[in-house]
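Keep the structure open as you read, and follow the residues along.

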Amino acid sequence: RKRTTIKEAFIHLINEKGFNSLTVSDITREAGVSRGTFYVHYTDKFELLTKIEDELIDNIAAALTANLAEQRRYYQS
């Protein structure tokens with residue numbers, strides 16, 4: 001749950017301030033968590049960005065795989 005809150009705060013702040021202007025303090029303040037909580041889950045804002053990017057890629061890959069499987073079933077029928 002904390003990870004989700006941190007990710008949502010991060011995305012909101014990127015849209016508001018931009019990645020380069022963003023600090024871990026900004027993220028923790030927006031998320032309402034301590035810096036310690038942030039660092040339990042992420043090394044820095046770069047790792048957080050990488051984790052979010054990896055999740056997005058995994059979600060896209062899963063959606064494409066499901067779509068391709070559906071198409072195969074349709075054409076094999």
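Predicted model: local features only at pLDDT ≥ 70, side-chain atom pairs only at ≥ 80, totals over all residues.

## Lys-45 and its surroundings

Lys-45 touches Phe-10, Phe-19, Asn-20, Leu-22, Val-24, Ile-27 and Phe-38, with residues up to four places away in sequence not counted. Lys-45 sits in helix H4, and H4 spans residues 45-76. Is Lys-45 buried or exposed? Its relative accessible area is 10%, and because the cut-off for buried is under 20%, Lys-45 counts as buried.

Lys-45 and Lys-7 are 38 residues apart along the chain, and their C-alpha atoms are separated by 10 Å.

## How H1 meets H4

What is the angle between H1 and H4? The two helices pack at about 100 degrees, and their axes are 11 Å apart. Angles of 65 to 115 degrees count as roughly perpendicular, which means that H1 is roughly perpendicular to H4.

## How H1 meets H2

H1 covers residues 2-17 and H2 covers residues 24-31. This pair packs at an angle of about 120 degrees, with the axes 8 Å apart. H1 and H2 are therefore oblique to each other, and their crossing is right-handed.

Which residues bring H1 and H2 together? H1 contributes Thr-5, Ile-6, Ala-9, Phe-10, His-12, Leu-13 and Lys-17, while H2 contributes Asp-26, Ile-27, Glu-30 and Ala-31. The residues of this contact divide into six nonpolar, two polar and three charged.

## The nonpolar core

How many residues make up the largest nonpolar core? It has 14, and those with the most contacts inside it are Ile-6, Phe-10, Ile-27, Phe-38 and Leu-48. H1, H2 and H4 each supply at least two residues of this core, and the largest share, four residues, comes from H1. As general background, nonpolar side chains in soluble globular proteins tend to be buried together.

Setting aside its neighbours within four places in sequence, Ile-6 is in contact with Ile-27, Ala-31, Val-33, Phe-38, His-41, Tyr-42 and Leu-48.

## The buried residues of H2

In H2, the buried residues are Val-24, Asp-26, Ile-27, Thr-28 and Ala-31. What covers them? The cover includes H1, H3 and H4.

Beyond its neighbours within four places in sequence, Thr-28 is in contact with Val-33, Ser-34, Arg-35 and Phe-38. Just after H2, Gly-32 takes a positive phi of about 70 degrees.

Now for the outside. Val-40 lies in helix H3, which runs over residues 35-41. Its relative accessibility is 66%, so Val-40 counts as exposed. Val-40 and Arg-3 are 37 residues apart in sequence, and their C-alpha atoms are 9.9 Å apart in space.

Asn-59, found in H4, is exposed as well, with a relative accessible area of 54%. H4 also holds Lys-45, a buried residue at 10%. Asn-59 and Ala-69 are 10 residues apart along the chain, with 15 Å between their C-alpha atoms.

Technical notes. Residues numbered from 1 in each chain as written. Heavy atoms only, no water. Axes fitted to C-alpha atoms, helices over the stretch in contact; angles between N-to-C directions. Parallel < 35°, antiparallel > 145°, perpendicular 65-115°, else oblique. Left-handed = near helix turned anticlockwise from the far one by under 90°. Contact = heavy atoms within 4.5 Å. Nonpolar A, V, L, I, M, F, W, Y, C, P; charged D, E, K, R; others polar. Core = buried A, V, L, I, M, F, W, Y, C linked by side-chain atoms within 4.5 Å. Buried < 20%, exposed > 50% of the residue type's maximum accessible area, 1.4 Å probe, protein only.
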